[in-house]
Amino acid sequence: MVVNSSAQEKVSIPLSKPNSSGLLKMGIVRGSITITGYQGKEVVVVGTKRAARKRKEKKNKYGLKKISNKSMEFSVEEYENTVRVESTPFGTIDFEIKVPVNFSLKVSTVNNGFIEVTNVKGAIEVSNVNGKITLKDITGSVSADTVNGNIVANLLKVTPNTPMAFSSLNGKLDVTFPKTMKANLKLKSDRGEIFTDFDLISKPKKAKITKGKTSKGGVYKVKVENWIIGSINGGGPEISFKTFNGDIILRSK
């Protein structure tokens, strides 16, 4: 379904298998994405075009009134419980989306927006460039990355034996896990600090040795990376945390 409207439009998409889990895929250039899990069997998409900044009117060379295009366009497609949302790269559209609770996500945005997900059970992949990522009351697994922004996540329950990753270049990572979670952790913050209330058992650091030619003609390259490596509750799947400018905060609940 293609929607071409002004200001705001709401679309409800029925699922091919309403009693089964699904997947939402979307990648936009400008705008925010807010996703909420609910006890329903449709995916509800609300797109709102953000008002452009007002600029001083300039006289045009024709001496006529300029008519601006205030419409927006986005499309929603469903096949076998996979829902795809796409929007025009022109203008900024903010999306508010309701999905059934048992839904996985693969979503991204680039500019002028944030990503916020609440009450979803599934595999979540979220990516932002210039904005924050907030994940509330999540059950499942998470892969989250942003360039300029914080990542704040609260996982109520994690998928067993599933690796996860959180990364930002300029932003803090603040993640809450169940206190009984078992995991092996890799943590690195170049210009920040690391805090946790988990009983982290650190492992000794090892130099990373790469075999091969180097610029100086050697066959071994030895690199010591500033990672903290350890385990909690006896160890489990690997969960990595990496940021350049920002703190890493791991909380238990």
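## Serine 189 and its surroundings

In this predicted model, a polar atom of the serine 189 side chain sits 2.5 Å from the backbone oxygen of glycine 246. The side chain of serine 189 also has a polar atom 3.0 Å from the backbone nitrogen of glycine 192. Serine 189 belongs to strand 16, which covers residues 183–189. With a relative accessible area of 8%, serine 189 falls under the 20% cut-off and is therefore buried. Leaving aside residues up to four places away in sequence, serine 189 touches Ile194, Thr243, Phe244, Gly246 and Ile248.

One of those partners deserves a visit of its own. Threonine 243 is part of strand 22, residues 238–245, and is buried at a relative accessible area of 1%. Beyond residues up to four places away in sequence, threonine 243 touches Ser168, Leu169, Gly171, Leu173, Lys188, Ser189, Asp190 and Ile248.

## The chain as a whole

Stepping back, you will find 23 strands and zero helices in the secondary structure of the chain. Of the 253 residues in the chain, 38% are buried. The chain exposes about 15200 Å², and carbon and sulfur atoms supply 50% of that area.

Among contacts in the chain with a separation of 6 or more, 60% are between residues 24 or more positions apart.

## Strand 4 and its two partners

Strand 4, residues 33–38, pairs with two other strands. Six bridges join strand 4 to strand 8, residues 93–100, and these two run parallel. Within this pairing, glycine 37 has valine 99 of strand 8 as its bridge partner. Strand 4 also runs parallel to strand 10, residues 115–118, with four bridges between them.

Which residues of strand 4 make up its covered face, and which its uncovered one? Ile33, Ile35 and Gly37 form the covered face, while Thr34, Thr36 and Tyr38 form the uncovered one.

## Nonpolar core

The largest nonpolar core holds 51 residues, and the members that touch the most others are Leu24, Leu155, Phe166, Phe177 and Phe241. Strand 12, residues 133–148, gives this core its largest share, five residues.

Not counting residues up to four places away in sequence, phenylalanine 241 touches Phe166, Leu173, Val175, Phe177, Leu185, Lys186, Leu187, Lys188, Trp227, Ile248 and Leu250.

## Aromatic pairs

How many aromatic pairs does the structure hold? There are four aromatic pairs. One of them is edge-to-face and joins phenylalanine 74 to phenylalanine 95, with 5.3 Å from centre to centre and 85 degrees between the planes. This pair links distant parts of the chain, with phenylalanine 74 in strand 6 and phenylalanine 95 in strand 8, 21 residues apart. Phenylalanine 74 is buried at 1% relative accessibility, and phenylalanine 95 is buried with a relative accessible area of 1%.

Phenylalanine 166 and phenylalanine 241 form a stacked pair, 5.3 Å centre to centre with 5 degrees between the planes. That pair, too, links distant parts of the chain: phenylalanine 166 lies in strand 14 and phenylalanine 241 in strand 22, 75 residues apart. Phenylalanine 166 is buried at 1% relative accessible area, and phenylalanine 241 is buried at 0%. Ring pairs also join Phe166, Phe177 and Phe241 into a cluster.

## Three loop residues

Most residues other than glycine have a negative phi. Glutamate 80, not a glycine, has a positive phi of about 50 degrees. Glutamate 80 sits in the loop between strand 6 (71–79) and strand 7 (82–87), and counts as partly exposed at 40% relative accessibility. Asparagine 161 likewise has a positive phi, near 55 degrees. Its loop lies between strand 13 (151–158) and strand 14 (164–170). Is asparagine 161 buried or exposed? Asparagine 161 is exposed, because its relative accessible area of 69% is over the 50% cut-off.

Asparagine 226 is placed in the loop between strand 20 (220–223) and strand 21 (228–232). At 47% relative accessibility, asparagine 226 is partly exposed. The C-alpha atom of asparagine 226 lies 6.5 Å from that of lysine 188, although the two residues are 38 apart along the chain.

Key: Residues are numbered from 1 along each chain as its sequence is written. This is a predicted model: local features need pLDDT of at least 70, side-chain atom pairs count only at pLDDT 80 or more; totals for chains, interfaces and linings use all residues. Side-chain values use heavy atoms; hydrogens and water are left out. Buried means under 20% relative accessible area, exposed over 50%, partly exposed in between (1.4 Å probe, protein chains only). A polar contact is a pair of N or O atoms within 3.5 Å; within protein, one must be able to donate a hydrogen and the other to accept it, and residues adjacent in sequence count only if both atoms are side-chain atoms. Contact means heavy atoms within 4.5 Å. Two strands pair if DSSP finds at least two bridges between them. A nonpolar core is a set of buried Ala, Val, Leu, Ile, Met, Phe, Trp, Tyr and Cys residues joined through side-chain atoms within 4.5 Å. Accessible areas come from the Shrake-Rupley method with a 1.4 Å probe; for residues, only the protein chains shown count as cover. Rings of Phe, Tyr and Trp (its six-membered ring) pair if their centres lie within 6.5 Å; planes under 30 degrees apart count as stacked, over 60 as edge-to-face and the rest as tilted.
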